[in-house]
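Notebook open, model loaded. I want to go through the loops, the helix packing and the core, one entry at a time.

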Amino acid sequence: MNKKELAIHEFKNGLNCSQTVLASYCEELSLDRPTALSIAAGFGSGMGRMQLTCGAVTGAFMAIGIYNGRKFENNADQKAKSAEMIQAFNKAFVKENKTIVCKDLLNFDISTPEGQQMARENNLFGTVCVKCIKDSIDILDNLFK
């Protein structure tokens with residue numbers, strides 16, 4: 001399986017969107033998988049189901065920070081390059097999806113068990129979230145070239 005296929009497989013088998021994106025880059029970033037999964041655990045569904053910034057986006061932002069932390073020794077350089085890449089990621093993601101806000105992407109409130117059930121019944125996780133994961137990986141791959 002390629003990176004996107006593995007991420008979607010893992011998403012469908014219980015990892016959240018943020019975990020799948022960050023974990024997709026473990027090897028490339030020399031990051032151990034259990035640490036990546038732990039770091040990203042609370043960021044799914046727009047950060048703890050608050051439906052703020054999309055989890056696939058926050059997973060990508062974490063990957064960008066680690067990427068630059070490995071590339072630049074100077075903290076000022078790490079922060080500057082990370083900000084530049086995050087802004088480029090954001091621009092590309094918004095161009096493709098119109099927003100990075102989970103609630104707006106899903107167009108549905110999943111902060112309640114009832115809302116989560118309705119989202120499942122409407123296959124929003126299998127369509128919208130899967131697209132956001134794939135888009136995040138595509139954008140990161142381009143940025144990391």
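**Entry 1: the loop residues.** I began at Asn123, which sits in the loop between α9 and α10. Helices here are DSSP runs (H or I, at least four residues), numbered from the N terminus. This is a predicted model, where local features need pLDDT of at least 70, side-chain atom pairs count only at pLDDT 80 or more, and totals for chains, interfaces and linings use all residues. Residues are numbered from 1 along each chain as its sequence is written, and side-chain values use heavy atoms, with hydrogens and water left out.

Phi of Asn123 is near 55°, a positive value in a residue other than glycine. I noted that because most residues other than glycine have a negative phi. At 40% relative accessibility, Asn123 counts as partly exposed; the scale is buried under 20% relative accessible area, exposed over 50%, partly exposed in between (1.4 Å probe, protein chains only).

Asn107 also has a positive phi, near 55°. I found Asn107 in the loop between α8 and α9, and at 68% relative accessibility Asn107 is exposed.

**Entry 2: α9.** Which residues of α9 are buried? In this helix, residues 113-121, they are Gly115, Gln116 and Ala119. They lie on the same side of α9, because they cover an arc of only 100° around the axis (the arc is that of the directions from the helix axis to the C-beta atoms). Pro113, Glu114 and Glu121 are exposed on the other side of α9. The cover over the buried residues of α9 includes α10.

**Entry 3: α10.** Not counting residues up to four places away in sequence, Asp135 touches Phe93, Glu96 and Asn97; contact means heavy atoms within 4.5 Å. Gly126, also in α10, is partly exposed at 31%.

**Entry 4: helix pairs.** I checked α1 against α10: their axes come within 10 Å and cross at roughly 145°. Axes are lines fitted to C-alpha atoms, for helices over the stretch in contact, and angles run from 0 to 180 degrees between N-to-C directions. α1 passes α10 in a right-handed crossing, meaning the near helix is turned clockwise from the far one by less than a right angle. Residues of α1 that meet α10 include Ala7, Ile8 and Phe11, and those on the α10 side include Phe125, Ile133 and Ile137.

α6 and α7 pack at an angle of about 150°, axes 9 Å apart, and are therefore roughly antiparallel (over 145 degrees). This crossing of α6 past α7 is right-handed. Among the residues that meet are Phe61, Ile64 and Tyr67 in α6, and Met85, Ile86 and Phe89 in α7.

**Entry 5: the core.** How many residues does the largest nonpolar core have? I get 42, and those with the most contacts inside it are Leu22, Leu29, Phe89, Phe93, Ile133, Leu140 and Phe144. Such a core is a set of buried Ala, Val, Leu, Ile, Met, Phe, Trp, Tyr and Cys residues joined through side-chain atoms within 4.5 Å. The helices that each supply at least two residues include α1 (3-12), α6 (55-71), α7 (75-97) and α10. Leaving aside neighbours within four places in sequence, Phe144 is in contact with Tyr25, Glu28, Leu29, Ala63, Ile64, Tyr67 and Met85.

Technical notes: Angles under 35 degrees count as roughly parallel, over 145 as roughly antiparallel, 65 to 115 as roughly perpendicular and the rest as oblique.
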